[in-house]
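Welcome, and thanks for taking a look at this one with me. Let's walk through the fold, beginning with the sheet and ending with a single residue.

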Amino acid sequence: MRTINEVRQDFLALHVPGTPLLIPNPWDLGSAKLLATLGFRALATTSSGFAATLGRADGEVSREEAIAHAAALADAVEVPVSADLEHGFGAAPDAVFATVSAAAATGLAGCSIEDFSGNPEAPIYPIELAAERIAAAVQAAHEPDVPLVLTARAENLIHGIHDLDDTILRLQAFQEAGADVLYAPGLTRLEDVRSVISAVDLPVNVLARPGLGSVAELAAASVARISVGGGFAFASFAALTRAGAELLEHGNFGYLNDAAQGHAQLVAAINPPAKE
């Protein structure tokens, strides 16, 4: 078993521009174990996927629930796990500090904090406050002897504010505040990805989205990490919908072929063969 020191150091070292870390987002313990056995070198939680397991919408999970969920996933697998801590569960920098401090006391390798406020009338925090919040997160993340890897997220593009210049200014401010990794999940064009990366000096994470091209193209643009957000979780719900419709509307059981394969893969992930 590796120490938390080794796990966190290894996680940061995996962020290599041009050789992107593929980091899928499990939504429960079973999906985390399965993804880890497939060979992914790190995992990250998904706030939307986890909320769905509770029958809730994204943003309706508490700080305590999010950290307990992320810590449970980290304890269940041997690869590094980073926690999606949304906006830090509070507007004030002190609230963000408390959230990241709680995450740092677990076996997590990293966490992310975003500048989305959750307020429909003012969805993105002003840049000065956003930077102060990241500075507080960095202080909490880097306070332990073994620091968490802190990812700072600029959310304006994904929430309908299509201003790439503002995205870049925010990421630059987060870099100055001491973040380890930068993330703008709303990027949808490869040329915008290149613009962001050329404007900052830290590893950049992107969210897999239509229009961004392949992993190879993102690697050529010097992306350091690629995540899927709630993509895998909601793909599983689409598969469930298709299976339900097949049974209800057509009276067929074709889904059992996929079910048998999935069951075998999950059993192997939960009870892997003993290493010789």
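## A parallel sheet and its surroundings

Eight strands make up an open sheet in the order β1-β8-β7-β6-β5-β4-β3-β2, and the pairing is parallel. Two strands count as paired if DSSP finds at least two bridges between them. The edges belong to β1 (21-23) and β2 (43-44), each with a single partner strand, so one side of each is left without a neighbour in the sheet.

A word on the source: this is a predicted model, in which local features need pLDDT of at least 70 and side-chain atom pairs count only at pLDDT 80 or more, while totals for chains, interfaces and linings use all residues. Residues are numbered from 1 along each chain as its sequence is written, and side-chain values use heavy atoms, leaving out hydrogens and water.

Overall, the protein chain has eleven helices and eight strands; these are DSSP runs numbered from the N terminus, with helices being H or I of at least four residues and strands E of at least two. The radius of gyration of the protein chain is 19 Å, close to the 19 Å that the globule rule gives for 276 residues, so the chain is as compact as a globular protein of that length. That radius is taken over C-alpha atoms, and the rule is 2.2 Å times the number of residues to the power 0.38.

Here are some values for the whole protein chain:

| Property | Value |
|---|---|
| C-alpha trace span along principal axes | about 55 × 45 × 40 Å |
| Buried residues | 47% of 276 residues |

Buried means under 20% relative accessible area, with a 1.4 Å probe and protein chains only.

Strands β6 (residues 181-183) and β7 (residues 204-207) pair in the parallel sense over two bridges, and Y183 stands opposite N205 in β7. Both faces of β7 are covered, with V204 and V206 buried on one side and N205 and L207 buried on the other.

Finally, which residues does E114 contact beyond its neighbours within four places in sequence? They are D84, E86, H87, R133, R153 and E155, where contact means heavy atoms within 4.5 Å. E114 is found in strand β4 (residues 110-114) and is buried, with a relative accessible area of 9%.

Note on methods:
Buried < 20%, exposed > 50% of the residue type's maximum accessible area, 1.4 Å probe, protein only.
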